[in-house]
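Please walk me through this structure.

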Amino acid sequence: MDLHDLSDDPDYAASQRQCQDSGINSSLDSDQLSDSGEFEVVYCKENVAIHPSQYVALRITGRLRVIKQSSSLFLTWIPYRDESKLIDSVGQSLSSAAIEEDENLYAIKSVSLGDIHSIRRHIPPFGWQHIIVVLLSGLTFPPLYFYTGGVREFLATLKQYVFIVRSADDTNVFRFKGLHDSFQKSLSSLELPRDFSVANRATFHHSHSTVSANSDRMSENGTAVHGSSVDSKYRGRKKHKVLDPAHVLSVQVLEKFSLVTKLARETTTQLFREIQDSRLPLGNKKLQNNLLHATIVGHKTQPKAEDIEGTSVDSKFGRSFLCGKKRKPSLTNVEWRTFLDREGRILDSKALRKRIFYGGVEIDLRKEVWRFLLGYYDYDSTFAEREYLDSMKKLEYESLKSQWKSISEMQARKFTKFRERKGLIEKDVVRTDRSVPYYEGESNPNVTILRDILLTYSFYNFDLGYCQGMSDLLSPILFVIRDESAAFWSFVALMERLGSNFNRDQNGMHTQLFALMKLVELLDPPLHKYFGDADCLNYFFCFRWILIQFKREFEYEEIMQLWEALWTHHLSEHFHLYMSVAILKSHREKIMGEGMDFDDLLKFINGLAGEIDLNEIISVAEVLCVSAGEHGAACIPPGTPPSPPVHFDAQPDDQVL
């Protein structure tokens, strides 16, 4: 039997008939295939969908086709135009351009079969069949769901045109051979953990033992050493900062992920260009230049005086800049009480959030205020309502926790997913913030609570489960709130916004990196052009910043100050992206002056950990955010994390997947 033989699939014969029936000419958009030569549709499947979120109303259905033109074959998936989406959830009309813009973000436009590394199929006993297409670059398209079946027929059709090999490790993974052996050799040279394969590279479910074995090769700043080093000027940490073992582990994995992308930056860059071309124009070059210089003192497009005040000279930028409003003292308990009425309702949540953005919260007050910022408490709730909520949520938490606590050893042996998640969590929590007194020491009960919350969350959100990085997000929350149940529900509220960062297809991460690219293009065109010339438009060197909200870049106390500012959403829900732009702009002269390529950028960015002035960067990011205004908001696709998911009234058909 040939290595790529698919005749063992029971639907193989049926696929032959479908291929014959589908072998007809069809029209395509002119921008998808070359104008020269005719093309043939060798495969066509209707009602193939992607699920951008767990809600039925947000599913996008389209047509999947394989097109042959001359000797080349292309895979396309184009969404249907859904007129019902022209009305949003509150009954307001949406422009057709906005709908097309959103749907085109997910379209697969003429991907050459030669650019595909593998396809993973999933045919569950219940539910819809789906496939995941993995490119040579390591990027994956969102899962494609076949509502009427037909995955085997699709693969059998491809088998007629492409040399396909089943993976020895997983018979549901089909590798496209003969086109990318050099890529596999390069990938092997990265010494990635064995199960950090191309098919699941976008996730962080990997072997900790393998990574840990290599941790002794990490440099002092957590950067993997492979015959090169980071400039000592940018490598050192503050002397008083204790190296956290979790930093060594996480940075290595994130670096490996980023390094993989360098192997095929051309493919990644082309994907971003296709996304960019499908979106509405954000303005002409004159507008971009105006926004670039809007932060310079005396420019005619200065932000409003009530938003920005004062000037400063920054040697990193080499010119005078408007600076954000001066930081204020932290919110005290006495001042906090002035925001509450007699029954405990917050009188002006907008004013409160603005106050916190510019001053933060006193340490002892955080355990109460953070529950509002994270969404566990409603701003208009009373003292009595919050007390009742705490008691009910505590019971609900204990019920959820009992689900995994009651699993016997015999059951666990037959529950592979539980064993894997439990083992991964237990390995992560003992490496998370152990230099912080609250978590240090052997047999620390707080580390056990951290584990219990993450395990309970993996049962609460079983589809998402647990991914590396979640312990980084939970640790400061538990440290501040000091209550297991309240910390759990606060973490749940945070993951409602950031959960898509950890999705298998990493759609949330890619969307944020795309938005970051557009913001840099808007606010610093020369730097954007430099990144384009250097084939760095994928922005994966900023991956760690986005994934765990700068957790590794600042001291523990500073990250709590930063997070409570981000959670206010005072200027933007996506202020973390403006912070990313601000950091890049503050080092633009060095980046461009030294001609950094992707490897250099990755090492340099990782070396900034512990060296960034938090208040300065927040101030610059504030200026950039206000300067960009609605043009900056237009750079960010709808639903980009941490924007909350869209909620719909429960309907009989609105079943969560």
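The model holds eight cavities of 30 Å³ or more. A cavity here is a set of points on a 1 Å grid over the protein atoms alone, where a 1.4 Å probe fits but cannot get out. Rolling a probe the size of a water molecule over the atoms shows where empty space is left. This is a predicted model, in which local features need pLDDT of at least 70, side-chain atom pairs count only at pLDDT 80 or more, and totals for chains, interfaces and linings use all residues. Residues are numbered from 1 along each chain as its sequence is written, and side-chain values use heavy atoms, with hydrogens and water left out.

Take the second largest cavity. About 140 Å³ of space lies in it, a volume being the space filled by probe spheres set on the points, which are joined across faces, edges and corners. Its lining has 15 residues; a lining residue has an atom within 4 Å of a point. L494, R497, W567, H569 and P642 lie nearest the centre. Which helix gives the largest share of this lining? It is α18, with four residues. Helices α18 (484-498), α22 (556-568) and α23 each supply at least two. Helices are DSSP runs of H or I, at least four residues, and strands are runs of E, at least two, numbered from the N terminus. The lining divides into nine nonpolar, four polar and two charged residues. Ala, Val, Leu, Ile, Met, Phe, Trp, Tyr, Cys and Pro count as nonpolar, Asp, Glu, Lys and Arg as charged, and the others, Gly among them, as polar.

Now the rings. There are 33 aromatic pairs. Rings of Phe, Tyr and Trp (its six-membered ring) pair if their centres lie within 6.5 Å; planes under 30 degrees apart count as stacked, over 60 as edge-to-face and the rest as tilted. F357 and F575 form an edge-to-face pair, 5.3 Å centre to centre with 85° between the planes. F357 lies in helix α11 (residues 349-359) and F575 in helix α23 (residues 575-586), so the pair ties together parts 218 residues apart in sequence. Both F357 and F575 are buried (under 20% relative accessible area, 1.4 Å probe, protein chains only). R327 lies over the face of F357, 5.7 Å from the ring centre. For such a charge, NZ of Lys or CZ of Arg is within 6 Å of the ring centre and within 35 degrees of the ring normal.

Finally, the strands. Strand β4 (residues 108-112) has four of its five residues buried, so it is largely enclosed by the rest of the structure. Three bridges join it to strand β3 (residues 72-79), and the two run antiparallel. Strands pair if DSSP finds at least two bridges between them. L75 stands opposite V111 in β4.

How values were computed:
Buried < 20%, exposed > 50% of the residue type's maximum accessible area, 1.4 Å probe, protein only. 1 Å grid on protein atoms, 1.4 Å probe; cavity = no way out; pocket = protein on both sides within 12 Å on 5 of 7 lines; lining within 4 Å.
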